[in-house]
Amino acid sequence: MLNILLAMRKAKVHRELFNLIKKEAFFKKKVLLSSGKVSNYYIDLRKITLQSKGAYLVANLLWEEIKREKFSFLGGPTLGADPILSAIAYHSYLKGKPLKTFIVRKERKKHGQAQVIEGPPLKKKSRVIIIDDVATTGASLGEAAKKLIPLGVKVVKAWVIVDREEGAKEFLSKLGISLNSLFRLSDFLK
């Protein structure tokens with residue numbers, strides 16, 4: 001009975017997040033994506049992850065997906081991953097299982113400690129999960145993974161809120177990383 005109630009709650013949260021994205025972050029208009037592709041659809045998930053309800057829903061769902069995985073750190077490329085990581089870190093603390101998170105800069109910082117990876121120090125042979133808000137080609141997740149490899153870190157999985165279904169899954173698969181998503185672009189086009 002408890003499993004049924006938990007599944008119903010998860011489905012409710014999933015539906016709530018879907019409706020919030022559809023209403024506030026999904027746009028039917030021609031835009032140039034960071035991948036260089038032109039699209040007739042734009043999903044601006046920072047409109048969701050930078051508000052309290054959206055951050056809560058995203059953290060709740062992603063926590064449910066990753067909590068049983070064997071990993072040491074959760075991280076991702078700045079800027080898309082930043083609010084998601086903060087929300088999940090807070091959520092994990094409230095659940096009594098605090099996570100260590102990190103962000104991967106696009107380029108090495110030119111001052112301070114000149115870091116490319118920000119957060120707690122990653123240890124050699126650490127197993128990490130990387131996340132981002134949206135995946136199109138998978139380039140930003142791939143770049144983040146490539147910056148982790150020289151540290152001796154193993155990227156075990158990638159998660160995004162929305163997979164635009166434009167090659168990211170295949171690209172990351174070639175790097176040995178499985179891409180998982182809460183939603184796909186096709187979900188919003190039905």
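A: Happy to! Let us begin with residue classes: Ala, Val, Leu, Ile, Met, Phe, Trp, Tyr, Cys and Pro count as nonpolar, Asp, Glu, Lys and Arg as charged, and the others, Gly among them, as polar. Keep in mind that this is a predicted model. By those classes, the largest pocket is lined by eleven nonpolar, eight polar and six charged residues.

Q: How much space lies in the largest pocket, and which residues lie nearest its centre?

A: The space comes to about 520 Å³. Of the 25 lining residues, Ser-34, Asp-132, Asp-133, Val-134 and Ser-140 lie nearest the centre. Two or more lining residues come from each of β2 (38-43), β6 (127-135) and α5 (139-148). Strand β6 gives the most, with four residues.

Q: Asp-133 is on that list. Is Asp-133 buried or exposed?

A: A residue counts as buried when its relative accessible area is under 20%. Asp-133 has a value of 8%, so it is buried. This residue lies in strand β6. Leaving out residues up to four places away in sequence, Asp-133 touches Leu-45, Arg-46, Gly-80, Ile-84, Val-160, Ile-161 and Val-162.

Q: What about the second largest pocket: which residues line it?

A: The lining consists of Leu-6, Ala-7, Arg-9, Lys-10, Asn-60, Trp-63, Glu-64, Lys-67, Arg-68 and Lys-95. Sorted by class, they are three nonpolar, one polar and six charged. The space in this second pocket is about 220 Å³. Helices α1 (2-24) and α3 (52-66) each supply at least two of the lining residues, and α1 gives the most, with four.

Q: Now a helix. What span does α4 reach, and what is expected?

A: A helix's span runs from its first C-alpha to its last, and here is the case of α4. Helix α4 (residues 81-94) has 14 residues and reaches 20 Å, close to the 20 Å expected at 1.5 Å a residue.

Q: Which residues of α4 are buried, and what covers them?

A: The buried ones are Ala-81, Asp-82, Pro-83, Ile-84, Leu-85, Ala-87, Ile-88, His-91 and Ser-92. Ile-84 is also among the residues that Asp-133 touches. The cover over the buried residues of α4 includes α2 (46-49), α3, β3 (73-77), β4 (100-104), β6 and β7 (154-163).

Q: Which residue with a positive phi follows α4?

A: That is Gly-96, with a phi near 80 degrees.

Terms used. Residues numbered from 1 in each chain as written. Predicted model: local features only at pLDDT ≥ 70, side-chain atom pairs only at ≥ 80, totals over all residues. Heavy atoms only, no water. 1 Å grid on protein atoms, 1.4 Å probe; cavity = no way out; pocket = protein on both sides within 12 Å on 5 of 7 lines; lining within 4 Å. Points joined across faces, edges and corners; volume = space filled by probe spheres on them. Buried < 20%, exposed > 50% of the residue type's maximum accessible area, 1.4 Å probe, protein only. Contact = heavy atoms within 4.5 Å. Expected span 1.5 Å × (residues − 1).
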